[in-house]
Amino acid sequence: MQAKTFKRSAAALAVSLAVAAGAGYLSARHGIADVHAESVPAVSAPASPAAAMAMPDFETIVARSGPAVVNISVEGLVKTRGIASPFGQLDPNDPFSEFFRRFGPGLQMPGGEQVVRGQGSGFIVSPDGVILTNAHVVAEADTVTVKLTDKREFTAKVLGIDKATDLAVLKIDADKLPTLPLAAPDSTRVGQWVVAIGSPFGFENSVTAGIVSAKSRSLPDEGYVPFLQTDVAINPGNSGGPLLNLKGEVVGINSQIYSRSGGYQGVSFAIPIEVANNVKDQLLAHGKVTRGRIGVGIQEMNQALSESFGLKSANGALISQVQPGSPAEKAGLQPGDVILKLNGERITNSNELPPKVAAMAPGSKITLQVWRKGETRDISVTLGAQAAEEVASADTPAADHGRLGVAVRPLNADEAAQLKAKGGVVVLQVAGAAKRAGIQPGDVVLAVNGQPVADVAALQRMISGADKHVALLIQRQDARLFVPVELG
């Protein structure tokens, strides 16, 4: 569970609220006297056999599904800045050093490396050891260890990471493992019972249950995932674990919680399994995820906007910007167009559009129904490709992983055009010297000591022939900067 207002993956209060809500409901229907008269027999009466039979059979679900849920522990090195406190130099591992780093004015600390450990959950989807989990569980890890319910432990290989959807695929060297079946796409319904199994706070194979509270939730900075919202108790350590329906099928992967305290507060979010399965298949097949792109900026419709555009309802996605040279511009879309349907499917809210488009393959032809100047019209668009995500792949070419500590791949045509670069390579994984220098996945290495990097082989030659120190020119988002690296 990650720390924002939304946390990537407290009961007495919930009980009291439930009782209060129930009392209020009865009072509204019957009046105070009737509530007191009827509440005693209703509470004390034993449940009928029919009611007992209607309760979900969580025990069977857990017994059948539990062995396929794994505990994931990670370990990695992070570069730290030491501090000089009023009491002298502090050890970077001392817990008080963090206090002085945050609150001590102008304090400095000698640099060093610190071991960081974390835990999460995952589940097995293939008998030969393929595991799904969250990207944020393993993204910065140097070592990933998977523990099964039978106490066996394996060092896992990260086959692929897709940070845009917060998904990762792992592989352990084992066979004949128990697996979890995946639910059919779009089979989940609001109000249905769901069960989570994971390792909250390190308590392995903990089980919690609840219902699906809502579907297609859009969260800040998470535009590619139409999240499932649940009231299942999810806490740090549950990240990456399965959300199961009453058939024992995975309907989602627990990913985030909304919390003001850092712990569960009744609102948690899971990645729908159809999104996860699509990402998994692409990572296993290609080592990366490709997504469709229209090339527009959109905003939510409201009543005032709908009235100004002459629409009867506030449905749809309002185009606020069309990117130059994009598929949208080529198709004739304009700012002020309201997208009402995608391939005949209604767009109710603007946040529904990005994940639907992203799920389609680049090159696909789609039909958008748009509202323009008081009338609807159909516009055909051929999708472009989103820039490649930061992924790690088992067959990714590595550029002298020993000295520099990176795995890279060439820029694709779209990326090269966006950066206006004739060469360069995209960083997929970092470790060792590169990690200590602050190189990050997604950085584009353009030059080494002023010499342009044409491709992966060129970078490998430059690093192998370099002295102890090199300066890398990198592109990071919209900025270019030189990063000095002390090679191993």
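Are Phe227 and Phe269 buried or exposed? Both residues are buried, where buried means under 20% relative accessible area, exposed means over 50%, and partly exposed covers what is in between (1.4 Å probe, protein chains only). The legends below start from that pair and then move to other close-ups. Please keep in mind that this is a predicted model, in which local features need pLDDT of at least 70 and side-chain atom pairs count only at pLDDT 80 or more, while totals for chains, interfaces and linings use all residues. Residues are numbered from 1 along each chain as its sequence is written, and side-chain values use heavy atoms, with hydrogens and water left out.

**View 1. Two aromatic pairs turn up in a search of the whole structure.** Rings of Phe, Tyr and Trp (its six-membered ring) pair if their centres lie within 6.5 Å; planes under 30 degrees apart count as stacked, over 60 as edge-to-face and the rest as tilted. Phe58 and Trp193 form an edge-to-face pair, because their ring centres are 5.5 Å apart and their planes meet at 70°. This pair links distant parts of the chain, 135 residues apart: Phe58 belongs to helix H4 (residues 58-65) and Trp193 to strand S11 (residues 193-198). Helices (H or I, at least four residues) and strands (E, at least two) are DSSP runs, numbered from the N terminus. Phe58 is partly exposed, at a relative accessible area of 24%, and Trp193 is also partly exposed, at 34%.

**View 2. Phe227 and Phe269 make an edge-to-face pair.** Their ring centres are 6.2 Å apart and the planes stand at 75°. Phe227 is part of strand S13 (residues 222-230) and Phe269 of strand S16 (residues 268-272), so the pair ties together parts that are 42 residues apart in sequence.

**View 3. Arg291 places its charged end over the ring of Tyr224.** The distance to the ring centre is 4.9 Å. For this label, NZ of Lys or CZ of Arg must be within 6 Å of the ring centre and within 35 degrees of the ring normal.

**View 4. His136, Asp166 and Ser239 are listed by UniProt, in an unreviewed entry, under "active site".** UniProt positions are given in the numbering used here, feature names are shortened, and annotations may be inferred rather than shown by experiment. The three residues are spread over 104 residues of sequence, yet they cluster in space, with a largest C-alpha distance of 10.1 Å. Which side chain does Asp166 join through a polar contact? That partner is His136, at 2.8 Å. The side chain of Ser239 also makes a polar contact with the side chain of His136, at 3.0 Å. A polar contact is a pair of N or O atoms within 3.5 Å; within protein, one must be able to donate a hydrogen and the other to accept it, and residues adjacent in sequence count only if both atoms are side-chain atoms. Asp166 lies in the loop between strand S9 (157-162) and strand S10 (167-171) and is buried, with a relative accessible area of 3%. Ser239 sits in the loop between S13 and strand S14 (242-244) and is buried at 1% relative accessibility.

**View 5. Ser216 has a positive phi of about 55° although it is not a glycine.** Ser216 is in strand S12 (residues 206-219) and is partly exposed, at 39% relative accessibility. For Asn343, another residue other than glycine, phi is positive and near 50°. Asn343 lies in the loop between strand S20 (338-342) and strand S21 (345-346), and its relative accessibility of 44% makes it partly exposed.

**View 6. Phe201 is exposed, at 55% relative accessibility.** Phe201 lies in the loop between S11 and S12. Its C-alpha atom is separated by 5.8 Å from that of Pro236, although the two residues are 35 residues apart along the chain. Not counting residues up to four places away in sequence, Phe201 touches Asn235, Pro236 and Gly237; contact means heavy atoms within 4.5 Å.

**View 7. Confidence is lowest in helix H1 (residues 11-30), at a mean of 30, and highest in S14, at 97.** The protein chain averages a pLDDT of 79, and 78% of the residues score at least 70; pLDDT is the predictor's confidence in each residue, from 0 to 100. Over residues 82-110 the pLDDT stays under 50. Where pLDDT is low, the predicted coordinates should not be read in detail.
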